[in-house]
Amino acid sequence: MARKLTDGLTLRANGTYELVRRIDGKQKSFSSKNPREVWRKYNEYLRASDEKREELQRGRSFAAVADEWWQGKQREIAYGTTRCYKPAYERAVQTFGAARVGEVEPNRIDAFLVELGQKSARNTVANQLSVLNMIFRYAVLKGYCKGNPCQYVSVPPHLAHKTRQLLTPEQLKAVKGSAGQPCSLLALLILYTGARCGEALALQWKDVDFAGHKISITKAVVFHGNAPVIEKPKTAAGVRAVPLLTALETLLRPLADAPERYLIGGEKPLSKSALNRYWERYTKALGLGSQSQTGDPWKPSIDRHQIRHEYATMLYEAGVDVLAAKTIMGHTDIATTQKIYTHIRESRLDDARTKLEALDQH
């Protein structure tokens with residue numbers, strides 16, 4: 001039978017001491033064979049409750065909120081997006097981690113972005129602001145703070161913005177004439193379909209419809225380390241059908257294989273290291289690159305995304321409107337397509353200016 005002791009403890013029939021208290025509106029029980037251990041547990045709980053109340057009053061730390069956001073975010077985004085967001089998340093925690101999430105002011109974020117912009121490209125700063133915005137929006141929705149300071153901040157102006165250059169006429173001529181050269185299929189697939197590299201690597205022969213003159217792009221290779229993993233496109237816009245142009249059809253028909261085999265790689269997609277060797281062999285065969293000394297790494301002078309932009313140039317020159325080009329290229333945001341079209345127009349103006357200047361000198 002339980003016996004009530006003078007210090008508030010109860011001694012149970014099994015020899016266990018118990019203390020029952022109502023704390024923060026909830027009844028809590030602490031027990032042990034040793035009465036001192038009961039009081040130790042009780043006092044420890046009180047200290048933790050005090051710290052929790054203090055944290056609620058002051059607000060949670062940025063680091064705690066950011067970690068909670070990141071744990072959930074990782075489960076809903078693709079592997080490639082995780083790799084993109086993670087450095088920005090880690091920089092944010094390193095900079096603001098100790099501060100209370102509700103105490104981070106817009107001017108602190110602005111100063112952080114300005115400092116980051118002094119050593120990083122504009123895209124890196126824009127990505128950083130995007131990640132910070134997501135963290136603070138999460139904090140507002142969870143009730144950890146009342147406002148999002150990022151709404152008052154923008155990417156600092158005049159940051160260096162690296163624009164990928166189009167292929168030169170000589171480079172484009174080399175790529176177009178490379179059929180039959182070692183490892184040329186990837187470049188020509190990208191050139192005549194506008195597929196991203198990962199999308200081209202994921203193409204199987206069942207995706208090629210010779211009768212309907214189209215190629216279905218429904219998946220992409222994403223590298224987890226060196227291993228190729230087939231994933232669905234990041235957005236619905238990535239699933240699309242593109243025209244099978246005659247130049248590509250002529251190239252593909254003699255190579256047609258079993259439906260499940262990959263156009264590049266055969267039984268399975270190329271690994272990342274195999275892709276690097278593949279691209280090195282191709283660019284070396286065309287002389288599109290350089291090597292400082294024997295034994296130094298080969299540096300290709302063109303990349304696969306430049307070739308994808310040449311497909312956009314073909315659409316532009318064929319008079320395909322920007323909305324249709326957005327669909328064919330698989331862009332989610334029409335602003336991306338508009339930016340590429342603008343870049344093409346500006347390149348054409350620069351070329352025209354050079355020719356006019358040369359004509360004027362004669």
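**Salt bridges, overall form and selected residues**

Arg60 counts as partly exposed, at 21% relative accessibility; buried here means under 20% relative accessible area, exposed over 50%, and partly exposed in between (1.4 Å probe, protein chains only). The model is a predicted one, in which local features need pLDDT of at least 70 and side-chain atom pairs count only at pLDDT 80 or more, while totals for chains, interfaces and linings use all residues. Residues are numbered from 1 along each chain as its sequence is written, and side-chain values use heavy atoms, with hydrogens and water left out.

Side chains of opposite charge can pair when their charged atoms come close. A salt bridge is taken as a side-chain nitrogen of Lys or Arg within 4 Å of a carboxyl oxygen of Asp or Glu, and the structure holds 12 of them. Arg60 takes part in one of these, with Glu68 as its partner and 2.6 Å between the closest N and O atoms. Glu68 is partly exposed, with a relative accessible area of 25%.

A further salt bridge links Arg240 and Glu199, whose closest N and O atoms are 2.8 Å apart. Arg240 belongs to strand 9 (residues 240-243) and Glu199 to helix 8 (residues 197-201), so this pair ties together parts that are 41 residues apart in sequence. Helices (H or I, at least four residues) and strands (E, at least two) are DSSP runs numbered from the N terminus. Both Arg240 and Glu199 are buried.

Lys284 and Glu280 also meet through their side chains in a salt bridge, at 3.1 Å from N to O. Both residues lie in helix 10 (residues 272-286), four residues apart, and are therefore separated by about one helical turn. Lys284 is partly exposed at 38% relative accessibility, and Glu280 is partly exposed at 32%.

At the level of the whole protein, the model contains 13 helices and 11 strands. Its radius of gyration is 30 Å, whereas a compact globule of 362 residues would have a value near 21 Å. The radius is taken over C-alpha atoms, and the globule rule is 2.2 Å times the number of residues to the power 0.38. Along the principal axes, the C-alpha atoms fill a box of roughly 105 × 55 × 45 Å.

Of the 362 residues, 40% count as buried. The protein exposes about 21,100 Å², and carbon and sulfur atoms supply 50% of this area. Accessible areas come from the Shrake-Rupley method with a 1.4 Å probe; for residues, only the protein chains shown count as cover. Among contacts (heavy atoms within 4.5 Å) with a separation of 6 or more, 57% are between residues 24 or more positions apart.

Two residues illustrate spatial pairings across the sequence. Pro233 is located in the loop between strand 8 (227-231) and strand 9, and is buried with a relative accessible area of 17%. Its neighbours within four places in sequence left aside, Pro233 is in contact with Thr218, Lys219, Gly238 and Val239. The C-alpha atoms of Pro233 and Ala220 are 6.2 Å apart in space, and the two residues are 13 apart in sequence. Ala274 is placed in helix 10 and counts as buried at 17% relative accessibility. Between Ala274 and Asn226 the separation is 48 residues in sequence and 8.9 Å in space, C-alpha to C-alpha.

Two histidines have positive phi values. For His158, a residue other than glycine, phi is near 65 degrees. His158 sits in the loop between helix 5 (122-141) and helix 6 (169-176) and is exposed, at 81% relative accessibility. His213, likewise not a glycine, has a phi of about 55 degrees. The loop between strand 5 (208-209) and strand 6 (214-217) holds His213, which is partly exposed with a relative accessible area of 44%.
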